[in-house]
Amino acid sequence: MLESLPMASQLTERTVVLGVTGGIAAYKAAELCRLLVKAGARVQVIMTAAACEFIAPLTMQTLSGREVLLDIFDSGRRAGVGHVEVASAADLIVVAPATADAIARFAAGMADDLLAAVVLASGAPILLAPAMNTTMWENPITQENLARLCRGGRATSVGPDAGQLACGWTGAGRMAEPDEILAAVLARLGSGVPARAGALEAQRVVVTAGPTWEAVDDVRFLGNRSSGKMGFALAEAAAALGAEVTLIAGPVGLDTPALVARRIDVESALEMREALRKTTPAADVVVMAAAVADFRPGVRVLGKLSRRDGKRQAARAARAIPLVPNPDLLAEIGRRRRGGRPYLMGFAAEVGLAGQALVERARSKLAEKACDLVVANEVGRAGVGFGSDENAVTLVFSDGRVVDLSRTRKDKLARAIWDTIGPELTVRQGPAQDPRETVPGAKNQRTSRAKGRDA
Ligand code: PMT
């Protein structure tokens, strides 16, 4: 939730097409319209016939200060513009509420009403605020329709939240609050144009990826199922946008992505910590996508534990199994940084949390680890998170913004993450992390380029 409303200039000169479809949450579209206008946007409201059953077009017309478009023929005749003109004028199309039916019709490429025709005819980014009954939301057909729309990054979604629904159910399906949608609009329009090549030029980015392995003996380890794909995708996308990327990789079977300047392979959390201590003092951005083990065996057994060694060996194994906590690498960087640098992006891997609960958990990690952004993903579902080629994440920012990036391929998602935060990075200034806080010798890791920038 935003703490305060945006300044009136934030959306000046931006045209937002606000599509309202037929659900009970349509009443919240009036407040969203008011917030968009207050932020300076030109708001063109389009309502479906079903939406008019829930809220009067006159309300939206009064709030937007523009005639509300209702009919595919009216859009050409009465307002003097066709649906193609409405489509091409849009900087962003927001559909709030987006019913299951509307999402299905957009995904099918239908154009049988004005809103669907504008969505189809426009190349503008789309922000969907789904709202529906929980079962409809959880139906794989709805999820597949949404994923289809979001594939490629043109469409993203915000919400739905979980809670008490108008139909009497409790669960996921409640439309995100208008201020959350406004935050997503601001994030989307800050980056509405996909970041151009070179948008991260001169940014020194450190990305960690993959699992850590914590040795039990010379051949066994405690590990996790991280493949490194998410972190490698972020490293590749940052390098393609012009960043100087250092990739710190846990034990993964992936090739170094094109254009990545430097790769440091590590195995354990303690090795990753050393690599971070050497590289983060000169970094502008640190991304902790690695699944760092929280615990390691307290003792490493030399050789190989064997059941044939009998009772004595079993006793040694029992002594070796007690775990000791690993340092929290992300929190350490958070504590060391000065003047908001480096920009710190953590991840939160959660099982069985979605919607608002996922956001709340991410917020507590954001605070504990002093990050600018936590990328929250639910890792207990098939096809997303650990090991898969796709992911779905919620970006939870320290300034209160929340942006949902729906399920898509990890490379597309990585690009969408950089598109969202890129504009913030370019305006950040000030000295890098205080070198007095770094380990001895770390200062020598800084490149001459880094010294020049910090002077
Ligand atoms: O590698 P893939 O197969 O592509 O899967 C991607 C992913 C699911 C691993 C990735 O998207 C992800 O969620 N990475 C973070 C996993 C994790 O460790 O989450 P966490 O909620 O336990 O930790 C929170 C943050 O603290 C993370 O940024 C983590 O890197 C960091 N951390 C955790 C423990 C620790 N000892 N030190 C840390 O720095």
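Start by selecting strand E3 (residues 92–98) and strand E4 (residues 126–130), which pair in the parallel sense over 4 bridges; strands here are DSSP runs of at least two residues and helices (H or I) runs of at least four, numbered from the N terminus, and two strands pair if DSSP finds at least two bridges between them. At the end of this stretch, alanine 98 stands opposite proline 130 in E4. The model is predicted, so local features need pLDDT of at least 70 and side-chain atom pairs pLDDT 80 or more, while totals for chains, interfaces and linings use all residues. Residues are numbered from 1 along each chain as its sequence is written, and side-chain values use heavy atoms, without hydrogens and water.

Stay on E3 and click on proline 97, which lies in this strand.

Now widen the selection to the whole sheet. This open sheet has 5 strands in the order E2-E1-E3-E4-E5, with parallel pairing. Which strands stand at the edges? They are E2 (42–47) and E5 (155–157), each with a single partner strand, so one side of each has no neighbour in the sheet. On average, neighbouring strands are turned by 20 degrees against each other, direction ignored.

Axes are lines fitted to C-alpha atoms, for helices over the stretch in contact, and angles run from 0 to 180 degrees between N-to-C directions.

Go on from E5 to proline 160, in the loop between E5 and strand E6 (161–164). Here is another cis peptide bond, from glycine 159 to proline 160, with omega near 5 degrees.

Now select helix H12 (residues 269–279) and helix H14 (residues 329–336), whose axes are 10 Å apart at an angle of about 25 degrees. Show the side chains at their contact: Ala269, Met272, Arg273, Leu276 and Arg277 from H12, with Leu329, Glu332, Ile333 and Arg336 from H14.

Finish with aspartate 328, in the loop between strand E15 (323–325) and H14. Is aspartate 328 buried or partly exposed? Aspartate 328 is partly exposed, at a relative accessible area of 31%; buried means under 20%, exposed over 50% and partly exposed in between, with a 1.4 Å probe and protein chains only. The C-alpha atoms of aspartate 328 and arginine 273 are separated by 9.0 Å, although these residues are 55 apart along the chain.

Note on methods: Contact means heavy atoms within 4.5 Å.
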